[in-house]
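Could you walk me through this model while I have it open in the viewer? I would like to know what to select next and what is there.

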Amino acid sequence: MIELNPFVIFIAAIFTNNMILSNFLGMCSFVAVSKEINTSLGLGQAVTFVLAGTSIINYLVYHYLLVPYNLEFLRFIIFIISIAAFVQLIEMILERYIPNLYYALGIFLPLITVNCAILGVSLFMVIRDYTFLQSFGFAVGSGLGWTLAIVALAGIRQKLKRASVPKGLEGPGITLIVTGLMALAFIGFSGIVQIS
Amino acid sequence: MSSIVISTVSLSIITALFAVLLTIADRTIGNYGQVTMTINDDKQFTVNGGSSLLSTLIEEKIFIPSACGGKGTCGYCKVQVLEGGGPVLATETPFMTEEELADNVRLSCQCKVKQDIRIQIPEELFNVKEFEATVEAIEDLTDVIKKLRFKLPEGEEISFKPGQYVQLKAPLYEGNDEEVYRAYSIASSPLEKEYIELVIGFVPEGIATTYVHHHLEVGDKVTINGPFGDFYYQDNDREMVMVAVGTGVAPILSLLNFMRSKGINRKARFYFGAKTPSDLFMLDYFKELEEDLPDFQFIPCLSRVGEEDEWDGFKGRVNNAIDEMLEEGEGKEAYLCGNEPMIDSVVKSLTEKGMPEELIYYDKF
């Protein structure tokens, strides 16, 4: 493994290895919750927050629980469980101590449990053998990249509302085409850094 | 072999660890201590905070109508929260009108009790009780409709207005993994306080109707709570126009049973809609009612009769029957129970005959 600076990984996760636009992970909420900039920004924040938290937990669980007992093959199921538990815990803490944030994130928090981008980040950091700092940089970068993509898409969709889209392409159809074009545009960043 | 054991055991341990962690969190972070719940400004309860308003109310034996069991999908459990409810959640807004939002109406299954709370509920909900009733008789009215008679536990009584409904709990059974409550109108007379009769049709893949039609037997215990509803008998002397299709017959039966046992002398016409002669039921019972009540007529209307059926009653839908047979709507009132298209078309026919809309009472299902 080439020793990459965590900051390089952070930048790469936002632009060149964007979770949505190069890996196509987390598409369900990406398409469903991208109608308005405000809500998609809220969801993006929640995703970033959960990504940062779960990457730490899953890093510790993987390297200090699974690896010593040769249980790496259990990582899929363990990661899912720890993500679910973490989200649940965070929900309780927010509800009690930061109710404003809780109400702002609202229904998004529980939705994130099943966002594939979260599991994707945990699996990538293990497959690519990242160190702790690299994993953290990768997770936060991926979250911000995901936010960037969904907010950009929401901006485009707000404009699209005024366009006359062919009947059969309304809704998810045109959204997926727009996503494809955005992914093509993001290829332009690929010269900056490469991490995979 | 050993790897299977190791992975199973370690997976269980890790899952258990998370479960313990969450349980501790629930006991500490999720514990809001004791709070005061004030209902209608005169009743105070000291309750444990942290659970939903709906389950807190059920703990105090106050039953709010709810069909989905608190999952936020039916939108029935609306309660006015005057203080201490927190902001409206995104899971509630789809069920709310603008007036309700302005009136601080909340879905009680979504709104959590975390601090002292002040709520407003209709007085009659205090009358709602939960019963462990026993099935006393099951009678097939048609292939798809059953009439059930339930006996309330010894010493317990239900008081309701004729036309109101109760909720029947469908428990877990093979093929069903969720508990739900479903609403059914009471068919028996309110003067019979120890019994409830329900008329329940079979809906393919319906959770509660499958339970009733395929699992329930005489002697079984069921959970029923009630009464609910603002569709009920109005005490006055106006002529009554009653319209029902299918199992919508239940509240009308309750009205008629009530009028018979009270000896009420009001002119009443009951238009009952069905498709074919085999969909009709309890014809002898309605004959009896016609004899016992001073001025009652049962008018079955069949929409799909052929020559071979030898049907000499009304041919057509109930709204056609009203168009043809009702002379005028003024000075009369109507009780309708059935599906939405039927109610909509009958309301249209009645208003065209001059019946004011506020005198048309209906129960849509």
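## A guided tour

Start by selecting Arg106(B), which sits in strand β4 (residues 105-107) of chain B; helices (H or I, at least four residues) and strands (E, at least two) are DSSP runs, numbered from the N terminus. Before going further, note that this is a predicted model, in which local features need pLDDT of at least 70 and side-chain atom pairs count only at pLDDT 80 or more, while totals for chains, interfaces and linings use all residues. Residues are numbered from 1 along each chain as its sequence is written, and chains are lettered from A and ligands numbered from 1 in the order in which they are written.

Is Arg106(B) buried or exposed? Arg106(B) is buried, because 25 other C-beta atoms lie within 10 Å. The cut-offs are 20 or more other C-beta atoms within 10 Å of a residue's own for buried, 12 or fewer for exposed, and partly exposed in between, with C-beta atoms placed from the backbone. Now show what Arg106(B) touches: leaving out residues up to four places away in sequence, these are Val79(B), Val81(B), Gly85(B), Val88(B), Glu92(B) and Cys111(B). Two residues are in contact here if their C-beta atoms, placed from the backbone, lie within 7 Å.

**Chain B as a whole**

Zoom out to chain B, which has eight helices and 17 strands. Of its 365 residues, 37% count as buried. Among contacts in chain B between residues at least 6 apart in sequence, 70% join residues at least 24 apart.

Next, pick Val318(B). It is one of the residues with the most contacts inside the largest nonpolar core, which has 85 residues; the others named are Leu198(B), Met242(B), Val243(B), Ile252(B) and Tyr271(B). Helix α5 (residues 249-262) of chain B gives this core its largest share, eight residues. A nonpolar core means a set of buried Ala, Val, Leu, Ile, Met, Phe, Trp, Tyr and Cys residues joined through C-beta atoms within 7 Å. Beyond residues up to four places away in sequence, Val318(B) touches Val243(B), Val245(B), Tyr271(B), Gly273(B), Cys301(B), Met342(B) and Val346(B).

Move to helix α4 (residues 207-215) of chain B, and colour its buried residues Ala208(B), Thr209(B), Tyr211(B) and Val212(B). Look down the axis of α4(B): the buried residues fall within an arc of 160°, so they line one face of the helix. That arc is taken over the directions from the helix axis to the C-beta atoms. Strands β7 (145-151), β8 (165-170), β9 (180-185) and β10 (195-201) of chain B are among what covers these residues of α4(B).

Two backbone details are worth a stop. Gly226(B) and Pro227(B) are joined by a cis peptide bond, with omega about 0°, and Pro227(B) lies in strand β11 (residues 221-228) of chain B. Asp41(B), in the loop between β1 (34-39) and β2 (43-48) of chain B, has a positive phi near 65°. Asp41(B) counts as exposed, with 10 C-beta neighbours inside 10 Å.

**Over to chain A**

Chain A has nine helices and zero strands. Of its 196 residues, 40% count as buried. Select helix α7 (residues 116-127) of chain A: its twelve residues reach 16 Å from first C-alpha to last, close to the 16 Å expected at 1.5 Å a residue, where the expected span is 1.5 Å times one less than the number of residues. Its buried residues are Ala117(A), Ile118(A), Leu119(A), Val121(A), Ser122(A), Phe124(A) and Met125(A). They pack against α3 (37-66), α4 (75-97), α6 (108-112) and α8 (132-160) of chain A.

**Where the chains meet**

Finally, show both chains: 18 residues of chain A are in contact with 17 residues of chain B. On the side of chain A, the largest share, ten residues, comes from α4(A).
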